[in-house]
Amino acid sequence: MSHYVISDLHGESDRFHAMLEKIHFSGRDILYVLGDVVDRGPDGVPLLQEILGAPNMVMLLGNHEYMCLQYHSPHATEVEIRRWARNGNGPTLLGLERLRAKALERLLWDLEALPTHLEVTVAGRRFYLVHGFPGANTHDEVWGRPRLDTPNPIPDTTLIIGHTPIVFLDKTPEEQEAYSQALTARGDHMRILHAPGFLDIDCGCGHQLPIKALACLRLEDLAEFYV
């Protein structure tokens with residue numbers, strides 16, 4: 001039995017299923033998904049249904065699911081509606097429109113019930129899993145972004161986050177371009193960032209970046225896998 005963590009699928013089902021094959025994911029394993037399953041890529045809604053329906057996959061709320069819930073709220077504001085539209089919601093809306101009313105209602109209810117973080121212990125090591133960064137409320141935990149030197153606010157715990165692709169963390173546009181060119185030149189891609197206070201596993205899946213990858217981390221030994 002192994003425990004894996006993954007984040008920011010953004011509708012890329014091909015990469016997701018290739019990753020499951022790569023890690024030989026079985027019914028005895030557990031996969032933690034740190035949110036942002038939807039938007040940008042074409043298959044966010046089917047991926048949501050697959051993950052939420054799997055007995056050994058545990059999903060956290062990401063900021064894109066949070067925006068989806070705000071959009072569908074009867075109290076949605078124009079700001080919230082426009083915010084989701086600016087963040088690649090087109091494929092998700094198309095997928096939701098294909099659902100029957102009851103299926104849509106159930107999916108939104110399932111999203112509403114998602115936790116914003118999980119604290120787990122694997123092989124004697126404590127982990128705090130969250131989409132954005134530890135915070136005092138839902139908004140902070142799904143939207144928060146650390147800096148490279150942000151300390152871990154939870155003692156004696158390994159903090160694992162998604163949300164912020166490695167290429168964007170603490171880099172100016174010029175630095176992002178240089179970083180991307182350097183990786184491209186050597187045929188490489190983004191890799192999990194081991195910052196002093198946290199591990200960032202968002203390697204750009206769903207973005208139009210030549211250096212993007214889907215990353216997966218095995219918690220027993222912190223082995224890294226990429227697709």
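Predicted model: local features only at pLDDT ≥ 70, side-chain atom pairs only at ≥ 80, totals over all residues.

Where does D39 sit? Look in the loop between strand 2 (30-33) and helix 2 (44-53). D39 is buried, because its relative accessibility is 0%, and buried here means under 20%. Now check the backbone: phi at D39 is positive, about 75°, although D39 is not a glycine.

You'll find H10 in the loop between strand 1 (3-6) and helix 1 (13-22). Buried or exposed? H10 is buried, with a relative accessible area of 1%.

Now go to helix 2 and pick G44, V45, L47, L48 and I51, which are buried. Turn the view so you look down the axis of helix 2: its buried residues fall within an arc of 155°, so they line one face of the helix. What covers them? Show helix 1, strand 2, strand 3 (57-59), helix 5 (90-97) and helix 6 (101-112), which are among the elements covering the buried residues of helix 2.

Last stop: Q70, in helix 3 (residues 63-72). Q70 counts as buried because its relative accessible area is 15%, against a cut-off of under 20%. Which residues does Q70 touch, leaving out those up to four places away in sequence? Select A76, E80 and R83 to see these contacts.

Methods:
Residues numbered from 1 in each chain as written. Heavy atoms only, no water. Helix = DSSP H or I, 4+ residues; strand = E, 2+ residues; numbered from the N terminus. Buried < 20%, exposed > 50% of the residue type's maximum accessible area, 1.4 Å probe, protein only. Arc of directions from axis to C-beta. Contact = heavy atoms within 4.5 Å.
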